[in-house]
Amino acid sequence: MTRAISIPPGLTGDLTIPTEAQSVVLFAHGSGSSRLSPRNRYVAQVLQRAGLATLLIDLLTPEEERLDQATAHLRFDIGLLAERLLSATDRLQFESQTRPLRIGYFGASTGAGAALMAAASRVELIGAVVSRGGRPDLAGDALAEVKAPVLLIAGSNDDAVIKINQAALEQLPGEKKLEIVPGASHLFEEPGTLEQVADLAANWFTSHLI
């Protein structure tokens, strides 16, 4: 069952906890997206079938969303987005159902930068990170502070993002891996490619969080 939870400062999240879940994955969506992203919701469903709880959140308040639609500035404020992700992480520590669960992050596009920056701030809590078509470079110097195992996923047709992820891989100090999905572009819209992303993410999280 999925239920809505409130996260300071006025954010909304959709929390789903399968029976006997041992871990929870927080989703950080990409620029211009939201917790209603069909791609992230599909991945979340695959993770839920694998026994993982999921929390899909809006990283901006409704007022900020309206401002961002006009200016597109907040979606690239990685520090702000990382703070919001940390707020959601702390919120889980106050939920009786989620307090015992190990925590992972799934970040897409710019959300991957926020997820990695947040993971560097909560090294004792975050057990794994997965990036889909991500911009890990946006985490800046925080990349070198990430202790959690990190899986970077890029599409074979997304040359610019592949180069960015290859460079980030060199900066990450812990367990890390770059997976290239054949025939996929940045949004993994080609048949079967998002399914591969979901399977890779599920395997990474179940290996490191369960």
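In the largest nonpolar core, which has 43 residues, V24, L26, L55, L85, Y105, L116 and V129 touch the most other members. A nonpolar core is a set of buried Ala, Val, Leu, Ile, Met, Phe, Trp, Tyr and Cys residues joined through side-chain atoms within 4.5 Å, where buried means under 20% relative accessible area with a 1.4 Å probe, protein chains only. Helix α3 (residues 78-92) contributes eight residues, the largest share of this core. Another core, of 24 residues, lies apart from it and includes V43, L47, L56 and F106.

The model is predicted: local features need pLDDT of at least 70 and side-chain atom pairs pLDDT 80 or more, whereas totals for chains, interfaces and linings use all residues. Residues are numbered from 1 along each chain as its sequence is written, and side-chain values use heavy atoms, without hydrogens and water.

Beyond its neighbours within four places in sequence, V129 is in contact (heavy atoms within 4.5 Å) with Y105, A115, L116, A119, A148, P149, V150, L151, W204 and F205.

The axes of helix α1 (residues 38-49) and helix α6 (residues 193-209) cross at roughly 45° and come within 9 Å of each other. Axes here are lines fitted to C-alpha atoms over the stretch in contact, with angles from 0 to 180 degrees between N-to-C directions; helices are DSSP runs of H or I with at least four residues, and strands are E runs of at least two, numbered from the N terminus.

L52 lies in the loop between α1 and β4 (53-57). With 0% relative accessibility, L52 is buried.

Definitions and conventions: Buried means under 20% relative accessible area, exposed over 50%, partly exposed in between (1.4 Å probe, protein chains only).
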